[in-house]
Amino acid sequence: MLRTERTAYAVRLEPGGRWAELDAWGPHGTETGPSVLGHSRRTHFITPADAAPAEYIPTGQRPFTGADLTVRRPGGERGTWWTFTGAVHDPDTSLRLEFTDEVTGLRTALAYRVVPGTDVLLRWTELTNGGGETLHLEDLDSAAVNVPVTDGARLTCLSGQWAQEFRLTPLDLTRGRFSIGSTQGVPGHAYAPWLAVQDTADADRPDAPTYGIALEWPGNWHITADAEPGGTVRVRAGRVPHEGAVALRPGQTLTTPRLACAFSAEGLDGLSRVWHRYERHLAGDRLHRTRKVLYNSWEATGFDVQAGAQLELARIAADLGAELFVVDDGWFTGRHDEKGGLGDWDPDPAAFPGGFDAFVAQVRGLGLDFGLWVEPEAVSPASRLYAEHPDWVYRIDGRPATPVRDQLLLDLGRTDVQDFVIATLDRLLDGHAIDYLKWDMNRPPTPRGRPGAGPAGELDLDAEHAAGYLRVLDHLRARHPHVTVEGCAGGGARIEHATLARTDVVWPSDNTAPLDRLAVQHGYLHAHAPHTMSSWVTDAPGVFDPRPRSLAFRFVLACAGVLGIGADLRAWTGEQRAEAAHWIACYKQVRDVIHHGEARLLGSPGGPSCGVQYDEAGGPRTVVAAWSTGPLDGAPLVPGRPARLRLRGLDPAAGYQDTATGTEYRGAHLMHAGLPLAWTARHDAELVVLARQ
């Protein structure tokens, strides 16, 4: 029995001790009475293990309906059969179940750990080769979860593409298999390593019991859901070996990535708050570091970085109330376009004729922190680094390189490459007054090979790259604890819990157009916390939804997470700058509520109005960011009446006062009738602050 703050997770052994099964998972008390996953164990044309709600099981014992571990012996034989050999249980907080295959000597430990103060249970698997021959692991999932359903499951994933990430995507699975994943060396733009599961019979209720998983892994991955015989959906997740299998030599132990498992009795919206609380836990003490209002010069100047123009932008940004100035791509030698410079991380003397440190001092003299963009994994074929170390890039002998964005990718699985990246970042951060580092990655690793390192089938390149990436981030956190780190990969291609535990903010998408970005952020906040979500105000037109929106809309949208600005401020009018200063000041007054409060997602981008409600933890304030997502024809949604957003989780009997207008409401009114929003063609967003009386 394992207990989180609000949930219970009960595991039992199959009567013969051949595998572990889920007995109950849900709110406290679910574990009493007969198990909803109980079954007669009678089967027809499948094995008992194929029908069992197994926690983790090998192919040999579960050959038909989906196993979590497939092991190949040197002679090509596939299959593992194990029995239970021991358990270690720390009541309510952790569990370790051990199984052994006597023939191969493989020892498998299923590990469970409750995350204090959350409703998240972490699961992973440790595989030890105790035999005398090398074993090849073709499937090596982290864990599997079983969800009882009556007539199929409502699965909700986050799907999309570059510039359209994190789209909330529901589908119903009554029979068969659903699978998502990435083999791009990062989680990718197409899917996030996250899934929510509900019973289709309850899925349309706002309080539907909802189960969720999220894989902590910055490399290749998969999540697979099977609608199984007997009324369950079984979901398994894990990393995907680049070469199709991982060699496990005698005496070696492999630990899989952690799978975070969560439950909420309050639907998808409630599940989002479980994930938010968990990510605040991951941040540790860094959670309380103020996420400062950022100005990034990329959209204003592109690769044309010149000290004079940068300082002009910095002065305007400081006047508006920005607290941080970040110089993006183009600041280093040889970087005049996408074709050069990556790998040669020295400030371009032509861009900073008075000296880079003098430029940084001038920015800081405006009262701004200073930040810099880097892409440590990338190298330009025309760079000095590539000329000196052509062997450091992924490549296959005798095959042409495949440049993406006119660049190649360093093999970060190599220790010497990791050491170079660490030394480069140390040199920049020790040598210059840098407070903020934006780590970008703009291409996947292809082709991926390491000539001279041995047979390709014996290498684990994806896991080694992930380990190198995390080693560098861990070094940054330990050596430069004052530096704020932003994670980016061509937008939102590398956002998962391993990265979020080591960064302060991440960049969900390169698309900053207002209605496009609203859809991205709506999906993002279902899986990730507001304090991690960097969002900019720009002048970008819509890509997928081109309907225009006001500057207020763009600011309220960016205020929903960590506020940044990326527009060319030199082109803004005095009126626009004054409005920007107003919104920045408003944001600073409530960002602690937005970053640390309990968030509730109101409506959806597809409806007439959409919003996010943030309730101050232990305080009186409720902040509502609201947007008009319907047509702006100058008329209210309903003739003569304002649109309304129904709030949730308030005290029905308490009074709530709008701090801007003085209007008073009862909690019951705000939850039943809703917060009134008088949209017009010129008024399409509001940031409302309510104070409980």
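Predicted model: local features only at pLDDT ≥ 70, side-chain atom pairs only at ≥ 80, totals over all residues.
A residue counts as partly exposed when its relative accessible area falls between the under 20% that means buried and the over 50% that means exposed. Asp-406 has a relative accessibility of 33%, so it lands in the partly exposed class. Phi of Asp-406 sits near 60 degrees, a positive value in a residue that is not glycine. The residue is in the loop that runs between helix H6 (384-388) and strand S24 (408-409).

Ala-163 also has a positive phi without being glycine, this time near 75 degrees. Its loop lies between strand S10 (153-159) and strand S11 (167-173). With a relative accessible area of 6%, Ala-163 is buried. One further backbone detail is the cis peptide bond that joins Thr-446 and Pro-447, with omega at about -10 degrees. Pro-447 belongs to the loop between strand S25 (436-439) and H8.

The largest nonpolar core has 124 residues, and the members touching the most others are Trp-331, Phe-359, Phe-555 and Trp-627. Helix H11 (residues 551-559) supplies the largest share of this core, with 8 residues.

Two helix pairs come next. Helix H7 (residues 415-431) packs with helix H8 (residues 461-479) at an angle of about 25 degrees, and the two axes are 10 Å apart. Angles under 35 degrees count as roughly parallel, and H7 and H8 are therefore roughly parallel to each other. The crossing of H7 past H8 is right-handed. On the H7 side, the residues that meet H8 are Thr-415, Gln-418, Asp-419, Val-421, Ile-422, Leu-425, Asp-426, Leu-429 and Asp-430. Their counterparts in H8 are Glu-464, Gly-468, Arg-471, Val-472, His-475, Leu-476 and Arg-479. Sorted by class, this contact has 6 nonpolar, 4 polar and 6 charged residues.

The other pair is helix H2 (residues 267-283) with helix H10 (residues 514-527), where the packing angle is about 70 degrees and the axes are 6 Å apart. An angle from 65 to 115 degrees counts as roughly perpendicular, so that is how H2 stands to H10. In H2, Leu-268, Ser-272, Trp-275, His-276 and Glu-279 take part, meeting Leu-525, His-526 and Ala-527 in H10. By class, the contact of H2 with H10 has 4 nonpolar, 3 polar and 1 charged residues.

Ala-527 turns up again around Leu-158, a residue of strand S10. Leu-158 is buried, at 1% relative accessibility. Not counting residues up to four places away in sequence, Leu-158 touches Phe-166, Arg-167, Leu-168, Ala-190, Tyr-191, Ala-192, Trp-194, Gly-523 and Ala-527. Arg-549 lies 391 residues from Leu-158 along the chain, and their C-alpha atoms are separated by 25 Å.

Arg-502 sits in the loop between helix H9 (497-500) and strand S27 (505-506). Buried means under 20% relative accessible area, so Arg-502, at 19%, is buried. Apart from neighbours within four places in sequence, Arg-502 is in contact with Arg-286, Leu-470, Leu-473, Asp-474 and Arg-477.

Ala-567 is in the loop between strand S29 (562-565) and helix H12 (574-596). Its relative accessible area is 2%, and Ala-567 is buried. Leaving out residues up to four places away in sequence, Ala-567 touches Tyr-295, Ala-300, Val-537, Thr-538, Asp-539 and Trp-572. As for Val-88, that residue is 479 residues from Ala-567 in sequence and 56 Å away in space, C-alpha to C-alpha.

Key: Residues numbered from 1 in each chain as written. Heavy atoms only, no water. Core = buried A, V, L, I, M, F, W, Y, C linked by side-chain atoms within 4.5 Å. Buried < 20%, exposed > 50% of the residue type's maximum accessible area, 1.4 Å probe, protein only. Helix = DSSP H or I, 4+ residues; strand = E, 2+ residues; numbered from the N terminus. Axes fitted to C-alpha atoms, helices over the stretch in contact; angles between N-to-C directions. Parallel < 35°, antiparallel > 145°, perpendicular 65-115°, else oblique. Left-handed = near helix turned anticlockwise from the far one by under 90°. Contact = heavy atoms within 4.5 Å. Nonpolar A, V, L, I, M, F, W, Y, C, P; charged D, E, K, R; others polar.
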